[in-house]
Amino acid sequence: MFFRLGDIFEEVSMKGLFDIVGPVMIGPSSSHTAGAARLGLMALKILGEPVVKAEILLHGSFAKTYRGHGTDKALLAGIMGFEPEDDRIRNAIDIAKERKLEFSFDTVDLMDAHPNTAILKLTGESGKCTTIEGSSIGGGNIVINRIDAFEVHLTGQYPALVVVQKDKPGLINKITGVLALYEINVAYMRVFRQKRGQEAMMILETDEDLTDDVLKACRVASGVITAFAIPAI
Amino acid sequence: MISFNSIADLIKLAEDNNTTISDIVVKWEEENSQTSPQQQYEVMARNWEVMQESIEKGITNQQKSLSGLTGGDAVKLEAYKGKGYTGEAVLAAAASAVGVSEVNAVMGRIVACPTAGSCGIVPAAVKAAAEKNGNTEEEIVNALFTASAIGVVIEHNASIAGAYGGCQAECGSAAGMAAGALVQMAGGTPEMVGTAVALAIKNLLGLACDPVAGLVEVPCVKRNGFVAVHSMVAADMALAGVKSVIPVDDVIDAMNRIGKSLPRAVKETAEGGLATTKTGLELAKKIFGR
């Protein structure tokens with residue numbers, strides 16, 4: 001388990017006015033439609049380039065009711081970069097076909113995963129592939145639970161810096177040093193690894209947007225394999 | 001630093017500052033999210049614009065939903081509204097609320113208020129009130145801030161999600177929000193706002209969330225019509241000087257406790273109530289092919 005201050009504050013802090021009256025969205029369901037669109041959008045931002053192929057697996061309530069809620073359309077719409085309030089969501093399947101985006105939907109049993117969970121296997125126009133697992137947790141809010149081999153926790157509420165690095169001492173210091181230099185404040189930070197001493201990933205959710213200069217400075221730090229930014233959605 | 005944990009706190013803040021609940025919560029939001037009152041006004045005015053568009057579309061839209069379960073009822077009500085027992089304004093509100101909910105069901109654009117399943121109630125009631133009172137856009141937008149504040153407190157002390165609290169959490173919360181907004185739009189006091197919220201929610205306590213096939217359609221679409229009217233009655237009672245014996249925050253506490261004790265089968269699982277009637281099960285089978 002990851003200890004996260006935000007988890008504690010989320011329990012006691014109140015929603016904002018526009019969480020209650022709002023958001024503007026395409027129906028019929030904030031979790032099965034608006035949240036699904038945000039999951040697709042977030043997956044697109046993580047891939048970082050236009051998608052040419054999407055294999056989508058649906059679990060739980062998503063698997064049972066996706067046709068009635070338009071979850072499939074919303075996910076595809078998000079993958080094509082449409083916002084949850086974009087009324088092209090309704091025609092997303094046709095639009096994807098027009099754009100020659102190859103896609104498939106299937107159901108999957110992920111055991112005790114959140115009932116509204118999807119796995120998106122995306123291929124970008126450069127041939128880059130990534131597999132993302134995420135859940136729509138209510139009110140249009142989402143959590144990305146997995147990026148490729150890494151278990152993560154990413155909400156899309158903040159810009160995020162993702163660094164894949166060798167699991168060795170001192171790297172966190174280097175990266176936070178870069179952020180300090182560019183006066184970027186860290187809201188949440190998590191470090192994940194597969195095995196001790198192998199590849200590890202850190203995700204830093206920040207208050208400020210992450211510029212190319214920041215990314216370049218992170219990439220040249222020794223031990224860093226790659227660093228990229230995911231904008232807030 | 002503005003802080004509140006209850007509707008009573010909001011009423012006291014408004015009374016002590018000789019202002020409205022909306023005025024208090026806009027300052028509160030400014031402190032919390034660093035958005036100026038002007039920026040907030042713009043977002044809420046856009047929400048109102050989308051609400052109005054969804055009503056206009058709703059009362060003319062004949063399209064059936066993806067499942068085929070709903071569609072076309074708002075048009076029927078709109079055509080009938082001059083002939084009804086309850087009067088044209090009331091039936092127009094019912095038509096608007098059903099219409100917005102039908103727009104939601106056909107994947108149209110709506111404002112979640114507080115949820116997509118309850119999205120027709122506040123817009124329909126507020127539109128009916130604005131037509132009756134001749135409210136300005138500013139008064140309407142301010143009333144939506146008050147509605148939102150009520151929802152913030154409910155979400156904090158109970159729930160606005162059917163999966164946690166049953167339909168009382170969605171349509172019940174929307175009724176409270178709408179009733180409070182309508183009192184403010186008629187120039188009622190913050191105390192009357194609180195009373196209207198109490199009356200509206202009190203009379204929807206325990207409402208099951210048992211949608212057929214798990215879709216936001218049956219009974220949700222027509223229920224939006226009923227509850228919009230319900231919220232207007234609650235506002236009228238409060239404006240007439242009727243009090244609630246049980247204070248508003250106690251009502252919200254009751255809603256929270258009832259929500260927790262409701263069986264899972266009637267909390268948006270489609271495993272009980274209307275969803276598992278003979279007809280409900282047959283429809284689900286027809287829609288999902290199993």
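In this predicted model, B:Ser65 touches B:Thr70, B:Ala105, B:Val106 and B:Glu217, when residues up to four places away in sequence are not counted. The residue belongs to the loop between α3 (37-58) and α4 (73-80) of chain B, and although B:Ser65 sits in a loop, its relative accessibility is 6%, which is under the 20% limit, so it counts as buried.

In chain B, B:Val25 lies in helix α2 (residues 21-33) and counts as buried, at 0% relative accessibility. Leaving aside residues up to four places away in sequence, B:Val25 touches B:Phe4, B:Leu10, B:Phe145 and B:Ala149, and also A:Leu17 of the other chain. A separation of 121 residues in sequence lies between B:Val25 and B:Thr146, yet their C-alpha atoms are 7.6 Å apart in space. In chain A, A:Ala118 is found in strand β4 (residues 116-124) and has a relative accessible area of 0%, so it is buried. Its contacts, again not counting residues up to four places away in sequence, are A:Leu39, A:Leu57, A:Leu58, A:Phe62, A:Leu75, A:Ile132, A:Glu133 and A:Gly134. The C-alpha atom of A:Ala118 is separated by 6.4 Å from that of A:Ser135, a residue 17 places apart from it along the chain.

The size of an interface is often given as the accessible area lost when the parts come together. Here chain A and chain B bury about 3100 Å² between them, and 62% of that area is on carbon and sulfur atoms. On the chain A side, A:Met14, A:Leu17 and A:Ile20 lose the most area to chain B, together accounting for 24% of what that side buries. Counted by residues, 31 of chain A are in contact with 44 of chain B.

An α-helix has 3.6 residues a turn, so residues three or four places apart point the same way. After the helix comes B:Gly289, whose phi is positive, near 65°.

Next, consider the second largest pocket, which holds about 450 Å³ of space. Its lining is made up of 24 residues, and those nearest its centre are B:Ala89, B:Ala128, B:Ala129, B:Lys132 and B:Met232. Two or more lining residues come from each of α5 (88-105), α6 (121-133), α9 (167-185) and α11 (220-239) of chain B, and α6(B) gives the most, with 7 residues. By class, the lining of this pocket has 16 nonpolar, 6 charged and 2 polar residues.

What remains is the backbone geometry. Most residues other than glycine have a negative phi, and most peptide bonds are trans. In chain A, a cis peptide bond with omega of about 5° joins A:Gly22 and A:Pro23, where A:Pro23 is placed in the loop between α2 (17-20) and β1 (24-26). Another cis peptide bond joins A:Gly27 and A:Pro28, with omega of about 5°, and A:Pro28 is in the loop between β1 and α3 (30-47) of chain A. In chain B, B:Ala213 has a positive phi, near 60°, although it is not glycine; it is placed in the loop between α10 (190-202) and α11, and its relative accessible area of 10% makes it buried. B:Ala270, also a residue other than glycine, has a positive phi near 60° and lies in the loop between α12 (248-261) and α13 of chain B, but at 21% relative accessibility B:Ala270 counts as partly exposed.

Methods. Residues numbered from 1 in each chain as written. Chains lettered and ligands numbered in written order. Predicted model: local features only at pLDDT ≥ 70, side-chain atom pairs only at ≥ 80, totals over all residues. Heavy atoms only, no water. Helix = DSSP H or I, 4+ residues; strand = E, 2+ residues; numbered from the N terminus. Buried < 20%, exposed > 50% of the residue type's maximum accessible area, 1.4 Å probe, protein only. Contact = heavy atoms within 4.5 Å. 1 Å grid on protein atoms, 1.4 Å probe; cavity = no way out; pocket = protein on both sides within 12 Å on 5 of 7 lines; lining within 4 Å. Points joined across faces, edges and corners; volume = space filled by probe spheres on them. Nonpolar A, V, L, I, M, F, W, Y, C, P; charged D, E, K, R; others polar. Buried area = accessible area lost by both parts, 1.4 Å probe.
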